[in-house]
Amino acid sequence: MPHSDTLAVHAGEPGLDRRDASITPDITVGSASGYPDLAALDAAMAEHRGYGRWGTENHRQLEAAVASLEANGLDGRLDAVAVGSGMAAIAVALMSEMNAGDHLVAAHDCYGTTITFLRDDLSRFGITSSIVDFQDLDTVRAALTDRTRILLCEICTNPLIRVPDLEVLAEIAHQAGALLVVDNTVPTPALSQPMRWGADVVIYSATKNLSGHADVIGGVVVGRPSWVDGARAFARTFGPTLGPFDAWLTLRGIRTLAVRMARHTGNALQLARFLERHPAVSRVNYPALESSPFGARANRLLPGGAGALLSFELAGGKPALEAMLPRLRLVRLMPSLGSVVTTLSHPASTSHRGLDPTERARAGIGDGLVRCSVGLEHSDDLLEDFQRALTSS
Ligand code: PLP
């Protein structure tokens, strides 16, 4: 069995028997294929080949790569379906599994648009949700109904970087006859394989570290082949197709995933330790810190490191952030995460702007909370940038 670093470089590549073929996959841009006769057309239609909404060779290569990274070292094969965004991945996973009258329990610290989708959109189709704190397992158990089909959470939540107890959540889900669906966007398959801990379905926003360069909007859903058949059939009809070039770019990003995530993680830990010691910073959230309440769990679930995302609270609140931002030379403000560049975001103005200040305080999101997606710069330069910007504040 190859190491996952090797799989990241090779998984999904076209067969080795293609003589004189480019080592880089070609991009299929045509929206439909042509056939010489009815028999050939019929054979293609029977296999859902030959029409772009169903995906092309570029999608199949990306799907094979993500599925094999997710399955590495586990029993059994996995399959994946690539779609046009992380939100499309969530919609496909949930809507292909659930019917009107079904119920879902979701972690309250899921990505804001995921919560909006559950509350405002799925509810219109008769699918109800309980949105609860997944750190409180009794509350999760109490939320179950006899129609609960899915438990949904993220690992390394945004922006407080909390790590849920996936093993116990999987047990709770399975005892209730439900699936545990885990959004693994932040750690990526380089650092986390939720199925190792009992998850049934794994979701990615490929927009973030999976593609890694802030130049793609995409998503992937991974599961057992028989389950993915259903999700793929739904996606074929629903139509949230990823563009072939975006599939190609995502696969190209995956080729460097292992080395990128190792560097992101090393830089993030150094920055987290630096910030923790800085007098202008009152709190740092990063699961690999010795001080983190999620330390032991992160060591078990994320042995390769806790990824690129951390957050910190400035003692001087929003005014201190406003003073700091113009002094940064490398670090940019960006309402996304997971690029080669180190970026900051202000959750109170972006992901949690829909909450009032009391609700935000209850969720642990103060006005001085800053989320940082740590990039691939040299750590000395990164620390120097923060040192300069914070010292003068
Ligand atoms: N899941 C997580 C954890 C996210 O952070 C995001 C976006 O920020 C999404 C899903 C949605 O992804 P996309 O923007 O690609 O639709």
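How far is an oxygen atom of the ligand from an N or O atom in the side chain of Ser205? The distance is 2.8 Å. This is a predicted model, where local features need pLDDT of at least 70, side-chain atom pairs count only at pLDDT 80 or more, and totals for chains, interfaces and linings use all residues. Residues are numbered from 1 along each chain as its sequence is written, and side-chain values use heavy atoms, leaving out hydrogens and water.

Stay with the ligand. Thr207 places a polar side-chain atom 2.6 Å from a ligand oxygen atom. For Lys208, an N or O atom of the side chain is 3.0 Å from an oxygen atom of the ligand. A polar contact is a pair of N or O atoms within 3.5 Å. The residues around the ligand also include Ser85, Gly86, Met87, Tyr111 and Glu154.

Gly86 leads on to helix 4, residues 86-97. Helices are DSSP runs of H or I with at least four residues, and strands are runs of E with at least two, numbered from the N terminus. The axis of helix 4 comes within 9 Å of that of helix 9 (residues 225-238), and the two cross at roughly 110 degrees. Helix 4 is therefore roughly perpendicular to helix 9, a term for angles of 65 to 115 degrees. Axes are lines fitted to C-alpha atoms over the stretch in contact, with angles from 0 to 180 degrees between N-to-C directions. Helix 4 brings Ala91, Val92, Ala93, Met95, Ser96 and Glu97 to the contact. Helix 9 answers with Trp227, Gly230, Ala231, Phe234, Ala235 and Phe238. Contact means heavy atoms within 4.5 Å.

Now turn to helix 11 (residues 257-277) and helix 15 (residues 379-391). Their axes come within 10 Å and cross at roughly 30 degrees. That makes the two helices roughly parallel, the term for angles under 35 degrees.

Two backbone details remain. Asn158 and Pro159 are joined by a cis peptide bond, with omega about 10 degrees. Pro159 sits in the loop between strand 4 (148-154) and helix 7 (166-175). His48, a residue other than glycine, has a positive phi, near 55 degrees. Its loop runs between helix 2 (38-46) and helix 3 (57-71).

Definitions and conventions: Parallel < 35°, antiparallel > 145°, perpendicular 65-115°, else oblique. Near = heavy atom within 4 Å. Polar contact = N/O pair within 3.5 Å; in protein donor to acceptor, adjacent residues only side chain to side chain.
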